[in-house]
Amino acid sequence: MSKPLVLAVIQACFLFVVSAAQAQVVVHEPWVRAAVEQQRATGAFMRLSSGTDRALVLAASPVARHVEIHAMILEGDVMKMRQIPRLALPAGQAVELAPGGYHIMLIDLLSPVREGGHVPLTLTFESPDGKQETVEVEAPVRPLAGGGAKPGEHSHAHAHAHPHAPGHAGDASAAAAPEGVSVTACWIRALPNRLPSAAYFRIDNRGARNAVLVGAQSARFGKVMLHANQTVDGMATMVHADQVVVPPGERFEFAPGGHHVMLEQPASELRVGDAVPLTFWFEGGRALTESCEIRPAASLK
């Protein structure tokens, strides 16, 4: 075989490998909530990301007779759980499956799901052209009050950590405030059993330059992340947001059904009427801390 032909074959193989790597769906930190005796159903949670547009269309497990993809939907003033046919995974964006939001429901359990064990899951993903691929996952079982995988624990089905808000876990009291920027009307939805919740608020920028929100933090929560809701192919999807830009003279609303700050692993139950301080980090290491009122789960504003 001639040298040019060998090089061409090598280049073609390299391009194929890169393409396959970009298209691969990655499963981050999967876990299943432990079930007590006589409990007939439980949930599986994880974070999904893909290099190309895809959708989770099917899930299966030998521990359950039925496995469904579910979402929590607010109908009127009532939060209801609904089965959905597919969960969109926009290219390059992480989608959270977490308690109180999207999740995989394991129904009519066929074997015990006990803390310390593992649950095999088969996830089927579909690309826009109809092609499907499956990913096998061994998800660890966590306690009923668990909030995800333990630090350093990973499934064999993934190899990448999800980027949280960029390294802003410092002392907010020593940070200068962004000029002309204010955060007001902050409130947090109270959910029972230490389920993940969300913070909503308003950013006003009366300064002369863009106000770029890059993260948030609170001592009351183990994980604090910026999130946005997007509609892809008619399906509402919650995705991680690296930053939110508020131009000079404008206001940005974080509200139910749109952008919000996701609050996971609460240190204690959220009680209606209490207030929780939340620090908002902006580009350039600047910060603002706002007291956020805890409101009932059915609140919309």
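Me: Let's start with the terms: buried means under 20% relative accessible area, exposed over 50%, and partly exposed in between, using a 1.4 Å probe and protein chains only. Why is Cys 186 called buried?

Reply: Its relative accessible area is 4%. Buried asks for under 20%, so Cys 186 gets the label. A word on the model: it is predicted, with local features needing pLDDT of at least 70 and side-chain atom pairs counting only at pLDDT 80 or more, while totals for chains, interfaces and linings use all residues. Residues are numbered from 1 along each chain as its sequence is written, and side-chain values use heavy atoms, leaving out hydrogens and water.

Me: What makes Cys 186 and Cys 292 a disulfide?

Reply: The test is a pair of cysteine sulfur atoms within 2.5 Å. Here the sulfur atoms are 2.0 Å apart, so the pair passes. The structure holds one disulfide. With 85 degrees about the S-S bond, this link is right-handed.

Me: Why is this pair said to tie together parts that are apart in sequence?

Reply: Because Cys 186 lies in strand E11 and Cys 292 in strand E20, and the two parts are 106 residues apart in sequence. Strands here (E, at least two residues) and helices (H or I, at least four) are DSSP runs, numbered from the N terminus. Cys 292 is at 0% relative accessibility, so it counts as buried too.

Me: How do you know that E11 and E20 pair?

Reply: Two strands pair if DSSP finds at least two bridges between them. E11 (residues 181-189) and E20 (residues 286-295) have three, in the parallel sense, so they qualify. Arg 189 stands opposite Arg 295 in E20. E11 also pairs with E12, in the antiparallel sense and over six bridges, with Val 181 opposite Asn 205.

Me: And what does E12 do on the E18 side?

Reply: E12 (residues 197-205) runs antiparallel to E18, and three bridges join them. Ala 199 stands opposite Val 261 there.

Me: Why is E18 called largely enclosed?

Reply: E18 covers residues 260-266, and six of its seven residues are buried, so the rest of the structure largely encloses it.

Me: How do you know that Thr 279 is buried and makes a polar contact?

Reply: Thr 279, in strand E19 (residues 275-282), has a relative accessible area of 9%, so it is buried. A polar contact is a pair of N or O atoms within 3.5 Å; within protein, one must be able to donate a hydrogen and the other to accept it, and residues adjacent in sequence count only if both atoms are side-chain atoms. Not counting residues up to four places away in sequence, Thr 279 touches several residues, including Ala 172, Gln 217 and Leu 288 (contact means heavy atoms within 4.5 Å).

Me: What makes Arg 65 exposed, and what does its side chain reach?

Reply: Arg 65 has a relative accessible area of 52%, so it is exposed. The residue lies in strand E4 (residues 64-75). Its side chain makes a polar contact with the side chain of Asp 108, at 2.7 Å. Leaving aside neighbours within four places in sequence, Arg 65 is in contact with Ile 107, Asp 108 and Leu 110.

Me: Why is Asp 108 called partly exposed?

Reply: Asp 108 is at 22% relative accessibility, so it falls in the partly exposed class. Asp 108 sits in strand E8 (residues 103-109), and its phi is near 60 degrees, a positive value in a residue other than glycine. Ala 185 in E11 also has a positive phi, near 55 degrees, and at 40% relative accessibility it counts as partly exposed.

Me: What makes a nonpolar core, and which residues touch the most other members of the largest one?

Reply: A nonpolar core is a set of buried Ala, Val, Leu, Ile, Met, Phe, Trp, Tyr and Cys residues joined through side-chain atoms within 4.5 Å. The largest has 35 residues, of which Met 46, Leu 48, Ile 104, Leu 106, Leu 121 and Leu 123 touch the most other members. Another core, of 28 residues, lies apart from it and has Cys 186, Ala 211, Val 261 and Phe 282 among its members.
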